[in-house]
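Try each task yourself before you read its solution.

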Amino acid sequence: IDATGEPIYLRGKGMAKTIDDKLVLAISSRALFDLSESHKVYLSSGVEAYRQYQIEHEDEILAPGDAVPLVEKLLNLNSRLGRARVEVILVSRNSADTGLRVFNSIHHYGLAISRAAFVGGRSPYPYLKAFGCDLFLSTHAEDVRAALDAGFAAATILSGGASRAASDELRIAFDGDAVIFSDESERVYQSGGLEAFQAKERESAREPLRGGPFKGFLAALNLLQREFPDDDCPIRTALVTARSAPAHERVIRTLREWDIRLDESLFLGGLTKSAFLEAFAADVFFDDQAGHCELAREVVATGHVPHGISNEPSI
């Protein structure tokens with residue numbers, strides 16, 4: 001917690017960056033590749049049968065998972081800059097023995113991933129700090145929640161997102177409340193309704209919102225953007241929020257206070273986000289509300305961020 005009482009996310013790296021620091025993505029094997037068949041073996045027959053299945057099929061290349069286009073575009077930024085500013089690390093519940101198939105597939109697709117943590121059935125989140133991760137993507141919701149609780153940006157990748165047309169530009173879209181920002185405003189909305197929410201936002205228009213779990217990742221991404229010429233940046237970001245006027249002012253002033261730039265900001269006033277995400281041509285979209293994620297996953301790879309009041313159990 002900082003001097004103002006605000007949680008500091010990404011405690012492993014903090015907000016400080018130098019030109020030599022890397023933006024680090026930690027990703028699970030099931031987010032990176034399609035392991036659905038072997039996972040069925042694990043669920044039906046247990047760990048040993050799963051281990052034997054992977055050994056028997058370790059020379060068979062796995063199909064790309066939903067996050068592969070994102071990984072490829074992140075790693076391609078290193079070539080554009082001429083130095084290693086981005087690193088992708090595999091963090092997996094597999095053992096090294098069963099993970100050999102995953103590394104064979106990494107080599108096949110030419111992904112520059114050399115570091116990994118195979119934790120033999122346990123959650124890999126304790127290693128995120130040691131690796132200095134900015135973002136953790138997994139298909140295992142419990143691991144994602146543990147990472148969020150530990151102060152890292154994390155999301156559960158949902159399968160089914162449509163693939164974008166081939167493009168070298170990396171496009172990432174974020175929801176606002178409970179993702180980039182804290183869920184303080186969402187709590188007002190859910191307890192008092194739209195009128196109470198809008199009144200609170202008008203009253204607090206010049207009071208910056210507290211940071212949410214993705215504030216640190218967005219800041220790191222923004223620093224990476226600044227290393228490219230303004231007219232030739234291969235990264236584009238967007239805020240896609242259900243907010244509308246007058247609740248927009250606080251968001252704009254907050255980002256200005258943080259010195260974080262978003263390329264596009266869409267204030268939709270409750271409209272369904274899917275069509276706008278498709279128009280933005282997002283490679284991935286992060287949202288805290290499961291209902292929004294279910295709609296978004298039809299058109300874009302989507303990461304559910306199980307954070308804030310919308311993800312607390314109902315009493």
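**Exercise 1.** Find the residue that stands opposite Leu-90, and place its strand in the sheet.

Step one: Leu-90 faces Ala-116, which sits in β3; strands here are DSSP E runs of at least two residues, numbered from the N terminus. This is a predicted model, where local features need pLDDT of at least 70, side-chain atom pairs count only at pLDDT 80 or more, and totals for chains, interfaces and linings use all residues. Residues are numbered from 1 along each chain as its sequence is written, and side-chain values use heavy atoms, with hydrogens and water left out.

Step two: β2 and β3 run parallel and are joined by three bridges; pairing takes at least two bridges found by DSSP.

Step three: zoom out to an open sheet of 10 strands with mixed pairing, ordered β3-β2-β1-β4-β5-β10-β9-β6-β7-β8. At its edges lie β3 (116-118) and β8 (264-267), each pairing on one side only.

**Exercise 2.** Is Ser-105 buried or exposed, and which residues does Ser-105 contact beyond its neighbours within four places in sequence?

Step one: look in helix α5, residues 100-108; a helix is a DSSP run of H or I with at least four residues.

Step two: Ser-105 counts as buried because its relative accessibility is 0%. Buried means under 20% relative accessible area, exposed over 50%, and partly exposed in between, with a 1.4 Å probe and protein chains only.

Step three: with those sequence neighbours set aside, Ser-105 touches Phe-33, Glu-60, Ile-61 and Leu-62, contact being heavy atoms within 4.5 Å.
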